[in-house]
Amino acid sequence: MENIAIILLDQIRTDMLGCYGHNIVKTPNMDKLADEGVIFDRAYTPASVCCPARTSLFTGQMPTNHKIIRNVEKAEVQDPSLNNPNIISDLKDHKKIYIGKWHVGGNILPKDFGFIGHNFDGYGYPGSNVYENMVFDQGPKKEDRYVKWLEEKGFETPKVTDEYFGENPHLRVQELCGKLHCPKEASLPFFVIDEAKKEILQAKKEGRPFFIWMNFWGPHTPCVVPEPYYSMYNPNDVTLDKSFYEPLKNKPNHYKNISQMWGMWDASEDRWKEVITKFWGYITLIDDALGEFFQFLKNEGLYDDIFLTVTADHGDAMGAHKMIEKGEFMFETTYRIPMIIKDPKSPRKGERENAMVYLHDLTPSCSDLINGNYSDFFDGKSLLPLLRNEAYDKRNGILGQLSGHFVSFEQRMWRNERYKIVFNATDLCELYDLEKDPEEINNLFYDEQFKDLKKQMLKELYCEMVEIKDPLANWLYRIINYL
């Protein structure tokens, strides 16, 4: 029976990976995986904040169906049902392993669903209240396996220096970047890998197939990384986006508020390049940890036959439109995600796939791997036909849903082959020609030349919202003729 590994990065800008075309950031291990499998060029998250996206991957549903539409620490606490189908519910004989960040729901933990491994509640950043000088305080409230692991491995407590918080004096609660004083082997990515290896070896000893869901806390800020990664990239090699110099023209004012809140709207170009190079360093740190994991699988004779994917919950603006992180905006930098899949039964090696797919298509894919079918409870659909050159009904578009991050801000996105429309329920709406304007600088929504296209795309968006019973569909229906 097939072993399965889902590896989830946290908040990564897809075009900053080597295998997605970046010519500076070093990601040799993900690049090698791409050479051995299929790289998806149009993979999307259903929501560009952690909880909704991760819960979609776990449940196979769109956010308004699983009901977790904002991060739980910023909204009413919700949890996925223990009784509904999910990513492991059809894997009856597999040992189910969960390692790293959870951030699915508010109260229920991985163990409640039958996982063994970690039980980090909420965001659960293990460095909070552990690293010396660390300000960021979103650590786990129930247990922190990382602290015990540092002790077991004989590592000294890491220390943070050279912190940068942005330019907003009212936001000194999260380091955007900093130097971590410890060997790379004591860092969080290597902690995740070491713990994964331990659980896989136990499954192998028991003679059981395994499903492992490995979750990093990066390259999400705080980009606090050790040497050599802290100094690995030269700020002079950073080319800022064209949209950095034409930021947020004809966009909702709220977008600028977000950048100002992070203290990055008024940050100098040098400061921006500093943060970006630390983000790059974090990416390479994770890639190096993945290299160790892939070699471990090879040494144990598990690599060739494992179904393995590397993907992410959502993206990061990281300089586009002079914005950072994610939140109440729906640009490609935050909604497009990497997805690399190595399927041992796929004839496709080193190929690129242009079909539009969702993060939560991986959920029914796991059931399909084991049973040859999957529940219609899932909103996603299996990727196995794409991987194995079988009949596959490609989507006409991708729906994005967000109800806010820092504040309530209802948004819906419809992205088809060429265009993207964004319905901001209480603010300016957006329309972009992604072929001519890939950086989404020119908002065409209020341009009379695009009136018919706008009308057609709003109709497509509305129909998709009705299809999945999106509660915002009624509001769109009432005002659609006046947009």
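Y303 has 5% relative accessibility, so this residue counts as buried. Y303 lies in the loop between α7 and β10. The model is a predicted one. Its largest nonpolar core has 93 residues, and a search of the whole structure finds 34 aromatic pairs.

- Y303 is in contact with L33, E36, F294, L297, K298 and K342, leaving aside neighbours within four places in sequence.
- Y303 and S259 are 44 residues apart along the chain. Their C-alpha atoms are separated by 42 Å.
- H314 sits in another loop, the one between β10 (307-312) and α8 (332-335).
- H314 counts as buried because its relative accessibility is 0%, and the cut-off for buried is under 20%.
- Which residues does H314 contact, leaving aside its neighbours within four places in sequence? They are D10, Q11, I12, T45, A47, S48, V49, C50, K326, T334 and I337.

**Nonpolar cores**

- Within the largest core, I7 and F293 have the most contacts.
- Helix α7 (residues 269-299) gives the most to this core, with 15 residues.
- A second core is separate and has 35 residues. Among them are I6, Y98, I337 and C366.
- F293 touches I7, I193, A196, K197, I200 and M214. That list does not count residues up to four places away in sequence.

**Aromatic rings**

- A pair of aromatic rings is described by the distance of the centres and the angle of the planes.
- The search of the whole structure gave 34 such pairs. One of them joins Y98 and W213, and this pair is edge-to-face. The ring centres are 5.0 Å apart, with 70° between the planes.
- This pair links distant parts of the chain. Y98 belongs to strand β4 (residues 95-100) and W213 to strand β8 (residues 210-219), 115 residues apart.
- Are Y98 and W213 buried or exposed? Both are buried.
- F329 and F331 make a tilted pair, because their planes are at 40° and their ring centres are 5.9 Å apart. Both F329 and F331 are buried.
- Ring pairs also build a cluster. It links F120, Y131, Y146, W149, F155, F191 and W217.

**Charges over rings**

- The charged end of K278 sits over the ring of Y230, 4.0 Å from the ring centre.
- K322 lies over the face of F244. Here the distance from the ring centre is 5.3 Å.

**Helix packing**

- Two packed helices are described by the angle between their axes and the distance between the axes.
- Helix α4 (residues 145-153) packs against helix α5 (residues 188-206) at an angle of about 85°. Their axes are 11 Å apart.
- Angles of 65 to 115 degrees count as roughly perpendicular, so α4 and α5 are roughly perpendicular to each other.
- On the α4 side, R145, Y146, W149 and K153 take part. They meet L188, F190, F191, D194, E195 and K198 in α5.

**A covered helix**

- How many of the 10 residues of helix α9 (residues 362-371) are buried? The count is 8, and the helix is mostly covered.
- The buried residues of α9 are L362, T363, P364, S365, C366, S367, D368 and L369.
- G372 follows α9, and its phi is positive, near 80°.

Terms used:
Residues are numbered from 1 along each chain as its sequence is written. This is a predicted model: local features need pLDDT of at least 70, side-chain atom pairs count only at pLDDT 80 or more; totals for chains, interfaces and linings use all residues. Side-chain values use heavy atoms; hydrogens and water are left out. A nonpolar core is a set of buried Ala, Val, Leu, Ile, Met, Phe, Trp, Tyr and Cys residues joined through side-chain atoms within 4.5 Å. Buried means under 20% relative accessible area, exposed over 50%, partly exposed in between (1.4 Å probe, protein chains only). Helices (H or I, at least four residues) and strands (E, at least two) are DSSP runs, numbered from the N terminus. Contact means heavy atoms within 4.5 Å. Rings of Phe, Tyr and Trp (its six-membered ring) pair if their centres lie within 6.5 Å; planes under 30 degrees apart count as stacked, over 60 as edge-to-face and the rest as tilted. A charge sits over a ring if NZ of Lys or CZ of Arg is within 6 Å of the ring centre and within 35 degrees of the ring normal. Axes are lines fitted to C-alpha atoms, for helices over the stretch in contact, and angles run from 0 to 180 degrees between N-to-C directions. Angles under 35 degrees count as roughly parallel, over 145 as roughly antiparallel, 65 to 115 as roughly perpendicular and the rest as oblique.
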